Amino acid sequence: MYGSTLYDSRLFVFGLQGEITEQPRTDVAFYPSYDECETVEKRIEDFIESLFIVLESKRLDRATDKSGDKIPLLCVPFEKKDFVGLDTDSRHYKKRCQGRMRKHVGDLCLQAGMLQDSLVHYHMAVELLRSVNDFLWLGAALEGLCSASVIYHYPGGTGGKVGSRRAQGGSLSAEAGNRHRPGKDVICFLFHLPPLNT
């Protein structure tokens with residue numbers, strides 16, 4: 001159902017025994033119990049790294065799009081009927097396309113932990129979308145701008161200290177700690193449901 005919106009996925013299964021657990025799969029990890037899952041942190045790290053690679057490639061594809069004035073209009077399915085018969089050569093339509101694409105690239109930057117880039121794209125999206133009265137996408141761009149601003153102003157988070165599995169026993173390797181850039185320790189999940197159509 002959500003296949004078109006997923007970047008990648010992993011399934012962690014605890015407590016299942018038998019033949020099925022012996023099949024080598026990269027998208028599923030089987031563990032006999034919660035106490036016997038020594039590699040779970042490493043698998044989660046690898047999964048997050050794979051998400052970053054996908055997000056970064058999508059961000060680069062969108063940010064360096066050389067299609068000129070023909071930027072596709074991103075829209076959610078219920079908007080499609082509103083754009084039938086519109087003049088796609090008008091300045092208003094082009095600004096709407098640019099603003100929506102900037103918002104989308106801002107989302108990708110934020111999800112990839114590239115905070116400064118996301119703030120730049122969200123600011124540009126807000127200006128473009130406000131000028132064409134695209135209120136739905138303007139609200140979404142402002143929401144992204146707020147999220148990025150909170151992360152920027154509260155790099156340690158806004159909540160109190162919370163105990164975690166890592167604090168109880170596991171620890172990040174020095175190599176894993178060095179891989180992360182500032183802001184990359186924040187994992188943002190932005191869902192576009194229903195999926196965007198171009």
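What share of the 198 residues in the chain is buried? Buried residues, meaning those under 20% relative accessible area with a 1.4 Å probe and protein chains only, make up 30%.

Colleagues, this is a predicted model, in which local features need pLDDT of at least 70, side-chain atom pairs count only at pLDDT 80 or more, and totals for chains, interfaces and linings use all residues. Residues are numbered from 1 along each chain as its sequence is written, and side-chain values use heavy atoms, without hydrogens and water.

The chain holds 6 helices and 2 strands, in the order β-β-α-α-α-α-α-α. Here helices are DSSP runs of H or I of at least four residues, and strands are runs of E of at least two, numbered from the N terminus.

I turn now to salt bridges. The criterion is a side-chain nitrogen of Lys or Arg within 4 Å of a carboxyl oxygen of Asp or Glu. The whole structure contains 7 of them.

In helix α1, residues 40-63, K42 and D46 stand 4 residues apart, about one turn of the helix, and their side chains form a salt bridge at 2.9 Å, N to O. Both are partly exposed, that is, between 20% and 50%: D46 has a relative accessible area of 35% and K42 one of 44%.

A further bridge joins R96 to D134, with the closest N and O atoms 3.8 Å apart. This pair links distant parts of the chain, 38 residues apart: R96 lies in helix α2 (residues 91-111), and D134 in the loop between α3 and α4. R96 is buried at 14% relative accessibility, and D134 is buried at 4%. Together with R100, these two residues form a network of salt bridges.
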